[in-house]
Amino acid sequence: MRVIVSLLLFFSFFSFASSKQILVVTELSPPHQTLVNGEVSGSGTAFIRDIFKAAGLSPDIHMYPWARAYKLATTVNNTFIYSLARTPEREAKFHWIGGPVGHFELGFISLSSRSDISISTTEDAKKYKIAMQRNDFATDTLSKIGFEVVLTSDIKKSYALLLANKVDLIVDDKNFMVKMVEYLGYEKNHLSFLYKVDELTINAYLAANINTDLKYIKALNEAYFEVVKTTPLPYDI
């Protein structure tokens, strides 16, 4: 009987301890979200960890292809995601924590060797083959204005298609492009940022599944505004 009671107490404690860890998902996006020795790191991730620490919560952060991360955040209760572009279409689908934790100024990127590609307006890019990520706000935005794109599960696969010259363009932030190229082992001038799309300039947030326990939302909202008093945001607007 004592053994059974001890086991019950052990599993009750284990269950309680496990419940303290909150699932947080993100994607690869150097320098803000990187993977170092199996651990999600980077300046943006450090900022997220500071927010959870200030809230007295323990984040269990995992890096996934963007499509999978987004699906988890929309279907699994008490799941958080960063850095998620805040759009009108997404507003009611998530709880939005505090203020921005990221900032995107996205545009079209090509191989530097592709002198045949010329873009002076957003419309010009429609004649080129573009790889973009599923469930990405940029993909949704360009699709609405008539773009046909090659869908990928994450930004790394989009870069792989571009670097292999299988598509003409991808969409990313100029600053992120430089870091991603270096992360993938290429010289920073291997790619060129051709044209900034004004409609793709937006702030990004730490967000939570709409069915997340409100005690977490409250604690993290308060923590965000405490952290920004002493910690610089990991981006510039």
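Predicted model: local features only at pLDDT ≥ 70, side-chain atom pairs only at ≥ 80, totals over all residues.
**Entry 1**

**Entry 1: the aromatic rings**

I remind myself that a pair of aromatic rings is described by the distance of the centres and the angle of the planes. How many aromatic pairs does the structure hold? I found nine. In one of them, the ring centres of F94 and W96 lie 5.7 Å apart with planes at 65°, so I wrote that pair down as edge-to-face. W96 also pairs with Y205: here the centres are 5.9 Å apart and the planes stand at 85°, so this pair is edge-to-face too.

Then I checked where these partners sit. W96 belongs to strand β6 and Y205 to strand β10, so their pair ties together parts that are 109 residues apart in sequence. W96 has a relative accessible area of 9%, which makes this residue buried, and Y205, at 12%, is buried as well. W66, Y70, F94, W96 and Y205 make up one aromatic cluster. I also spotted R86 over the face of Y205, 4.9 Å from the ring centre.

**Entry 2: the sheet**

Next I traced the strands. I found an open sheet of eight strands with mixed pairing, in the order β4-β1-β5-β10-β6-β9-β7-β8. Which strands are at the edges? They are β4 (58-63) and β8 (149-152), each pairing on one side only. From one strand to the next, the twist averages 35°.

I zoomed in on β5 and β10, which run antiparallel and are joined by four bridges. Here I81 stands opposite A207 of β10.

**Entry 3: helices against the strands**

In helix α3 (residues 66-75), I listed W66, A67, A69, Y70, L72 and A73 as buried. Their cover includes β1, β5, β6 and β10. Helix α6 (residues 174-183) lies across β6, β9 and β10, and runs at about 110° to β9.

A handy rule first: in soluble globular proteins, nonpolar side chains tend to be buried together. The largest nonpolar core here has 22 residues, and I51, F52, F80, L206 and L220 touch the most other members. Which element gives the largest share of this core? I found that α7 does, with six residues.

Beyond its neighbours within four places in sequence, I51 is in contact with V101, L220, A223, Y224 and V227. There is also a second, separate core of 21 residues, and Y128, I130, L142 and F176 are among them.

For positive phi, I noted N37, near 50°, in the loop between β2 and β3. N37 is exposed, at a relative accessible area of 81%. N135 has a positive phi of about 65° and belongs to the loop between β7 and α4. Its relative accessible area is 30%, so N135 counts as partly exposed.

Methods. Residues numbered from 1 in each chain as written. Heavy atoms only, no water. Core = buried A, V, L, I, M, F, W, Y, C linked by side-chain atoms within 4.5 Å. Buried < 20%, exposed > 50% of the residue type's maximum accessible area, 1.4 Å probe, protein only. Helix = DSSP H or I, 4+ residues; strand = E, 2+ residues; numbered from the N terminus. Contact = heavy atoms within 4.5 Å. Pairing = 2+ DSSP bridges. Axes fitted to C-alpha atoms, helices over the stretch in contact; angles between N-to-C directions. Phe/Tyr/Trp six-rings, centres within 6.5 Å; stacked < 30°, edge-to-face > 60°. Lys NZ or Arg CZ within 6 Å of the ring centre and 35° of its normal.
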